[in-house]
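This briefing covers a single protein model.

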Amino acid sequence: MIEPRIIGTWRIKSTKSIDDNGNALPPPYGPTPNGVVSFQANGRTVNVICDGRAELPAGEARQFMSYVGNYTFDGVTLTTRVDAASDASRIGGDQVRAVRFENGGMVLAPPRRLYAGVMQRQELFWERVS
């Protein structure tokens, strides 16, 4: 049984990233992220997120990520077994996120990772659409 609080469609509201010393880093997917995630009651999910700016600074690549798969959610940990993705290296693997609900929204936090040459912790804040 899937924990029901996660079921529905959510849109990205904001993101943040910090290094191991607690210093703020540039937000994942830029200052205006754009994305949706849908968790269906049958255990399927679709995730799409990108840098939502209309124009990027010269020389900066647009960040984009999407994947789909079957998921499990126990009320604390979300695990998606990826079966299709914009990054082929994700296919067949698990995307794991810590989940918490606060201020009427949902926070998804991937494990600490190396990104842009810096070990960091990221959080993505989502608001329910339906």
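## Briefing on the predicted model

Trp126 sits in strand β10. The model is a predicted one, and every value below is computed from it.

- Trp126 has a relative accessible area of 6%, and because the cut-off for buried is under 20%, Trp126 counts as buried.
- Trp126 and Val37 are 89 residues apart along the chain, yet their C-alpha atoms are separated by 8.7 Å.
- Gly105 belongs to strand β8, which covers residues 105–109.
- Gly105 is also buried, at 11% relative accessibility.
- From Gly105 to Arg11 the C-alpha distance is 9.8 Å, while the two are 94 residues apart in sequence.

**Largest pocket**

- The largest pocket holds about 400 Å³ of space.
- Its lining consists of 22 residues, and those closest to the pocket centre are Tyr29, Met65, Arg90, Arg97 and Arg113.
- Five elements are listed as giving two or more residues to this lining: β4 (44–51), β5 (64–73), β7 (94–102), β9 (113–115) and β10 (118–128).
- Sorted by class, the lining of the largest pocket comprises 15 nonpolar, 4 polar and 3 charged residues.

**Salt bridges**

- Side chains of opposite charge can pair when their charged atoms come close.
- Across the whole structure, 13 salt bridges are found.
- One of these joins the side chains of Glu127 and Arg11, with an N to O distance of 2.7 Å.
- Glu127 is in strand β10 and Arg11 in strand β1 (residues 8–19), so this pair ties together parts of the chain that are 116 residues apart in sequence.
- Both partners are partly exposed: Glu127 has a relative accessible area of 25%, and Arg11 has 39% relative accessibility.
- Arg90, listed among the residues closest to the centre of the largest pocket, forms a salt bridge with Asp87 at 3.9 Å, N to O.
- Asp87 is partly exposed, with a relative accessible area of 34%.
- Arg100 and Glu102 meet through their side chains in a salt bridge of 2.8 Å, N to O.
- Arg100 is partly exposed at 33% relative accessibility, and Glu102 is partly exposed with a relative accessible area of 32%.
- Through shared partners, salt bridges link Arg100 and Glu102 with Lys16 and Glu123 in one network.

**Nonpolar surface patch**

- Val36, Val46, Val48 and Phe64 make up a nonpolar patch on the surface.
- Together these four residues have about 310 Å² of accessible area.
- Phe64 is located in strand β5, an element that also gives two or more residues to the lining of the largest pocket.
- Phe64 has 49% relative accessibility and counts as partly exposed, because exposed would require over 50%.

Notes: Residues numbered from 1 in each chain as written. Predicted model: local features only at pLDDT ≥ 70, side-chain atom pairs only at ≥ 80, totals over all residues. Heavy atoms only, no water. 1 Å grid on protein atoms, 1.4 Å probe; cavity = no way out; pocket = protein on both sides within 12 Å on 5 of 7 lines; lining within 4 Å. Points joined across faces, edges and corners; volume = space filled by probe spheres on them. Helix = DSSP H or I, 4+ residues; strand = E, 2+ residues; numbered from the N terminus. Nonpolar A, V, L, I, M, F, W, Y, C, P; charged D, E, K, R; others polar. Patch = residues over 30% accessible without salt bridge, like charges linked within 9 Å, V, L, I, M, F, W, Y side chains within 5 Å. Areas by Shrake-Rupley, 256 points an atom, 1.4 Å probe, with all protein chains shown as cover. Buried < 20%, exposed > 50% of the residue type's maximum accessible area, 1.4 Å probe, protein only.
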